[in-house]
Amino acid sequence: MTEPATAAVTPITVQVGGQPHALPAGCSLAALVEQLGHAPDSVATAVNGAFVARAQRAHHALADGDQVQCFKPITGG
Amino acid sequence: MTDSHTPPDEATWLLADVPLRSRFLLGTAGYPSPQVLQQAIAASGTGVVTVGLKRELAGDGSGAQGAFMDIIRASGARLLPNTAGCRSAREAVTLAHMARELLGTHWIKLEVVGDEHTLQPDPFELVAAATQLVRDGFEVFPYCTDDLVSCQRLLDAGCRILMPWGAPIGSGQGLLNPWALRTLRARLPGVTLIVDAGLGAPSHAAQAMELGFDAVLLNSAVAQAGDPVRMAAAFAHAVRGGWLGHAAGLIAAQDMAVASTPVGGRPFDL
């Protein structure tokens, strides 16, 4: 049975660093990273606490309620 | 011209198969400015610097962090990213994979804290994370306590390097338990041992090296010094001095005086 056409456009909400972020359904992690203003190779990403490699972001469709984290290098001891 | 008093193997040592000249590993956090950090790295002579990872919300272009990484890259030092802030093996494994992708190194300073007050490493989560990360191809540098048995479990997990604390992070107390560190050195003779955390003064670093440790790693004692650049140089001298002292063979301590001048008794029989 075919999905109703409206399902594809129902927005989802993901948490980015704990902040809610509305996205179109089916949005990829790569698209979110771009939307957030990060150069693709400037951040590392995780979804729901699991690492998602840069090469996999375009294939990783986000789901409603996902927790997304982007990390950058900082000073450290 | 070769200095006849220079041990032939002093120039380099191997850290995870990588030849290094300095036995001083330096942290990069908490310096008064990026310029001071840059100068401190140079003054330390270090070949390895630690970095962390931080969660970001929105993109900030290159910005301050971009400048920081430029300084680090320009120093020529190898990067040792850490998993600071992690409280479980799962978190640490995820962060390690992120660090490897971002920074292009399979070296990871594994930190899993088990107590908020002392920031004491959690030995159980540490072993679990180390086991997974070694399987995933990482060179794991675990920040651990000086407990011999948990150190042995980390070796069983595949670690080749151990980084026991001298004292709690940032406390500057020096080596709180020299006996435990000496015991680690004696029981694990072929393992690369690095004292990490708690050092406050150059003499603490010298003491660690005199115990036979391979290197020291520190941050706050330099970054928060009145003159971080000069302190970096002071630690570099202390690390080298302590290592040379150990290599030269320290005399055994005695309870009583032992005369050093061979006068053969009293100078006058009056």
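Me: What makes up chain A in terms of helices and strands?
Reply: Chain A has 1 helix and 5 strands, and from the N terminus on its elements run β-β-α-β-β-β. Helices (H or I, at least four residues) and strands (E, at least two) are DSSP runs, numbered from the N terminus. This is a predicted model, in which local features need pLDDT of at least 70 and side-chain atom pairs count only at pLDDT 80 or more, while totals for chains, interfaces and linings use all residues. Residues are numbered from 1 along each chain as its sequence is written, chains are lettered from A and ligands numbered from 1 in the order in which they are written, and side-chain values use heavy atoms, with hydrogens and water left out.

Me: Why is B:A259 called exposed?
Reply: Buried means under 20% relative accessible area, exposed over 50%, and partly exposed in between (1.4 Å probe, protein chains only). B:A259 has 74% relative accessibility and therefore counts as exposed. B:A259 lies in the segment after helix 9 (228-248) of chain B.

Me: Which residues of helix 6 of chain B are buried?
Reply: In helix 6 (residues 178-187) of chain B, the buried residues are B:A180, B:L181, B:T183, B:L184 and B:R185. What covers them includes helix 5 (148-156), strand 8 (161-164) and strand 9 (192-196) of chain B.

Me: What makes B:E101 and A:R57 a salt bridge?
Reply: The term requires a side-chain nitrogen of Lys or Arg within 4 Å of a carboxyl oxygen of Asp or Glu. The closest N and O atoms of B:E101 and A:R57 are 3.6 Å apart, so the pair forms a salt bridge. The count between chain B and chain A is 1 salt bridge.

Me: Which element gives the largest share of the side of chain B that touches chain A?
Reply: Helix 3 of chain B gives the largest share, 8 residues. In total, 30 residues of chain B are in contact (heavy atoms within 4.5 Å) with 28 residues of chain A.

Me: How do you know that strand 5 of chain A and strand 4 of chain B pair?
Reply: Two strands pair if DSSP finds at least two bridges between them. Strand 5 (residues 67-75) of chain A and strand 4 of chain B have 6 bridges, so they pair, and the sense is antiparallel. A:K72 stands opposite B:K54 in strand 4 of chain B.
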